[in-house]
Amino acid sequence: MRNSTIVFRFSSGCGLLGGALLLSVGMASAAENRVLSEDAYLDEMPVVLSVSRLSQRVDEAPAAVTVIDRQLIKESGVWDLAEVFRLVPGMVVSYHSTSAYTMDNTVAYHGLSDPYARSMQVLVDGRSVYSPLFGGVLWGDIPVALDDIDRIEVIRGPNAASYGANSFMGVINIITLHPSETQGKFVSLTTGRNREEVVARYGGRNDSGDLTYRITAGVRNDKGEDSIIVNSLSTKPSDGYDKNKYDDRKVQLFTLRVDYRINTTDELEFQFGYNGGDRQEGEAGNPEKSTPFWKRADNHFEQLRWRRALEDGGELSVQYYHGYESSYGTDTNKGISYNMDVIAQRHDLEVQHTFSLNKSTRMVWGGSMRYDNVYAPSYFGNSIAKKPFHLGRLFGNLEWRAHPDLVFNLGAMLEENSFTGTDIRPRVAANWHFLPGHTLRVSNSKATRTPTNYEKVLADPYLALGKVKQKLRPERVDSTEIGYLGKFSDLNVDFRVFRDEFSDLIVENGTSVSQGYLNPGNATLKGFETQLQWNVGPRTRLVYGFSHSLVSSLNQAQMPYTDAVPTTVQSMMLTHRFDHRWSGSLMGYQMGKVHFPETDRGPDGNKRYYVDSYQRFDARVAYAFQAGTTRGELALVVQNLTDDHHFEFRFDNEPPGRSAWLNLKFDL
Amino acid sequence: MHYWRFLFALCLTLAMLCLPLTAAALDGVTVVLSEEGGAYAQVADKLRAVLSQNGGTARLPVKMIALKEGDSLRAEPGQLLLAVGTEAMDELAKKKLPQPMLSVLVPRAAFEKTARQNGRLGDPRNFSAITLDQPWARQFALIRQALPGRTKVGVLLAPNSPELATALSAAAKVAGFVAIIETVDGEADLLPSLKRLLGECDVLLAVPDPLIYNRNTVQSILLTTYRHQVPLIGFSPSYVKAGAIAAVFSVPEQIGQQAAEIIQRLAADQRLPLPQPPRYFSVGVNTQVARSLGISIDDEASLNNKLKRTSEGEP
């Protein structure tokens, strides 16, 4: 690129005035020379939209997909990342429902879960954040700032052929912005009822532009739930039903992402992230826990990825990451101290190759190796040994366009792990565009969930003592669905009916042990759900989700499977842009009554106690402004507009009443 | 009798057609490359290949020299100078040699500037060019054929491009499009301008201005455009590879072909044709990007044919 313009280099690093002057000089000389060379026509350009950057069309994906983009995240006014999934049809989200290890949110597709929902795989930029100890995801511990997220793709339904075990009921793919899209300075300030946060970001690049980076740092002070339950089930102060859990937390966040373009085809991406701080734990209602148990959490990861764009439009990538999840603290109960330290580590190496066999067939295949180890004496029977887990995978998916309007996806994953041995999980799907803009999808997918380290450690002694006959096995699901996607002038419709047959569900309670079998659970989930996007007017949009599902099960080993799925779940989000400055949004969520495995019995010992259905409304009003080169937005968010006091997941878990906060974001 | 007269006339015509080359009015071509190798050499190689073909006319010797050997050039009647690239054009123009000069692989603005600086603007018959810029009409034809129904064409321009903006708007109007032009005031303004533009247009047309489109900016432009689900029309094969949905461009061989044809057709007095846009062109399509955007697009060959048919009416 001879003699080419160097104007863009002038702009950063100078004082404001100096910068402006230099910039205008640069622009003038460039205006003189810029079109005067053939370089623009002849220069080699880097492959930017490589295969892995291009998302598959929703109507050609082998499963139902909900895409949540950054605008939707912002306009929904969510405070926690987990809350945004309330907008996904069928997603059961409950606030701070876990009551030990971490006081975090639960996100479970359709429910059928305890608070540590283990049935979804969650990836951030291709890195699994599925926790090695209890499984599931510690949502508040993910080192990612909401403002750095570009979009989230939620795959509704099992997808082990692409994402491996634990992609059991769904997959959540969180994708952050490329550093070239987050150049400059950005600040977000939030303050309001029980919530404060500061996030600052700086994005820069080197002179030649082949290296871009982003640094994001944040501090969050979250007071969680109100300490007193307003609508307590019991009015007797002595039974402790009037107190919410201890769930305050302070979070320090730091993330770094560096992307380096080696040449026009090769790219390196490095990420580091830290999320940690002091947090409370404990049931305030328990008379023996009159003070919160304070813990310190430290989570971080390092990730390195190399990508090469291949000549035929394919891509080769190699990725390594290390994840580190830890929390420290000594809890005392009745004068006895317990070491509650947990350190869980993960190393993962993956190679992936995408290529075209011919014009109508594309193939992606690859393999990965993983090693987890967990140190958790209090959960491992006081053993201080690190429990290891090894995993090896081979996967492949063939996309065959048999006809311009007919796409087949055939995929499978072969897994071998040190807990349950070898398994193969296939998936087949056909997408037929029977009319322009209208697609019918039929798919069948099989998936497994590998027992977690905790489940394995709990199960091993039963086998050693001969109390159970069989080793712990993976949980299984066989899922069949028929989906329809339609585009009408202002309306996008996504509708599907599904039937998920679960078997070998793990139950580790007295009943299952006494029956000598730790995989006794079976359940069939049938239902339909829909997702609508309606552009009501040029400046008004409505997003609506509805899910209806029913479970049939013999409720083996006294597991309340038939109650653990709310029959209906609804969500809606209405956004309107009043003018170029004012915008507003209104969200509504409704959850049917439900009794989860750990919902527990009510105060009167009622085993069939249901957590009541509830409705919640949130709103956000924003004002965009510009002052010089600073662009900003001031927003008022009100959650739980109607000040509804309801329970989520358990009778001793009441999310906050009406809460408002102000958020100021600006790009400098 | 009529038969003989007709044959005589035909012979005369053929003889006249062959005259410029056979009558030794043009003895040879001196090619000066801005750089050795690469696109420059591809132009020259194609030119040499065409001119050395014995297609019924005498072969025309092609002498190739590097820019640094340009000092050896002297006034040489019967020779045509072919400058390949802006640098070669600039250097040769400064020498003010009497032989006619054709510049290729140069943007139109560069040619006009050099001609102006050297007082050759009014001398197109001796100082001409095949410019790199594809005619606007051809680019709009590509949009019409590749992305039917999309009529709001967004264009990012650097400041001080009023002539470009006017020409573009006029061409868009003629072709039945609306050009929405956003001016980028410096680096910091690039993404905000782009985002504003993407809110209003349904296709983005990249105009080869290194101030806006260069290796530093291509990443953020393509990613942002893709996020807004707006297809981008590029201007080179490498843009198509990078992530533009399509582009119409002329590869060096096509420029070489056109140059060779001009040379073969030179009249006895060696008068060059007026500066002209590329005659031969190719269409590139990125099917992966198209598929991901949910756009069904014709393949390269059929778009090429459609564009050729529409461009036959072009000047």
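Because the model is predicted, local features need pLDDT of at least 70 and side-chain atom pairs count only at pLDDT 80 or more, whereas totals for chains, interfaces and linings use all residues.

**Stop 1: chain A as a whole**

Select chain A and zoom out. Its C-alpha trace spans about 85 × 55 × 55 Å along its principal axes. Six helices and 31 strands are found here; helices (H or I, at least four residues) and strands (E, at least two) are DSSP runs, numbered from the N terminus. A compact globule of 668 residues would have a radius of gyration near 26 Å, and chain A agrees, with 26 Å. That radius is taken over C-alpha atoms, and the globule rule is 2.2 Å times the number of residues to the power 0.38.

Of the 668 residues, 46% count as buried. A residue is buried if 20 or more other C-beta atoms lie within 10 Å of its own, exposed if 12 or fewer, and partly exposed in between, with C-beta atoms placed from the backbone.

**Stop 2**

Now select residues 406-417 and 421-435 of chain A. These are β20(A) and β21(A), which run antiparallel and are joined by twelve bridges. Two strands pair if DSSP finds at least two bridges between them. Find Ala412(A): its bridge partner in β21(A) is Pro426(A). The hairpin from β20(A) to β21(A) passes through three residues.

Trp432(A) has Leu440(A) as its bridge partner in β22(A). In this second hairpin, with two residues between the strands, look for Gly437(A), which takes a positive phi near 85°.

**Stop 3: the sheet of chain B**

Switch to chain B. Five strands make an open sheet in the order β2-β1-β3-β4-β5, with parallel pairing. At the edges are β2 (62-66) and β5, each pairing on one side only. For a close look, select β4(B) and β5(B), which share five bridges. Here Val106(B) stands opposite Thr131(B).

Next select residues 86-95 of chain B. This is helix α3, which packs on the sheet and touches β1, β3 and β4 of chain B. Two residues are in contact if their C-beta atoms, placed from the backbone, lie within 7 Å.

**Stop 4: helix α10 of chain B**

Select residues 252-264 of chain B. At 1.5 Å a residue, these 13 residues should span 18 Å, and the end C-alpha atoms are 18 Å apart, which agrees. The expected span is 1.5 Å times one less than the number of residues. Which residues of α10(B) are buried? Among them are Pro252(B), Ile255(B), Ala259(B) and Ile263(B). Their cover includes β1 (28-33), α2 (38-52), β3 (79-84), β4 and β5 (127-131) of chain B.

**Stop 5: where the chains meet**

Finally, show both chains. How many residues of chain B are in contact with chain A? There are 43, and they touch 37 residues of chain A. Helix α8(B) gives the largest share of the chain B side, seven residues. That side divides into 22 nonpolar, 15 polar and six charged residues. Ala, Val, Leu, Ile, Met, Phe, Trp, Tyr, Cys and Pro count as nonpolar, Asp, Glu, Lys and Arg as charged, and the others, Gly among them, as polar.

Key: Residues numbered from 1 in each chain as written. Chains lettered and ligands numbered in written order. Axes fitted to C-alpha atoms, helices over the stretch in contact; angles between N-to-C directions.
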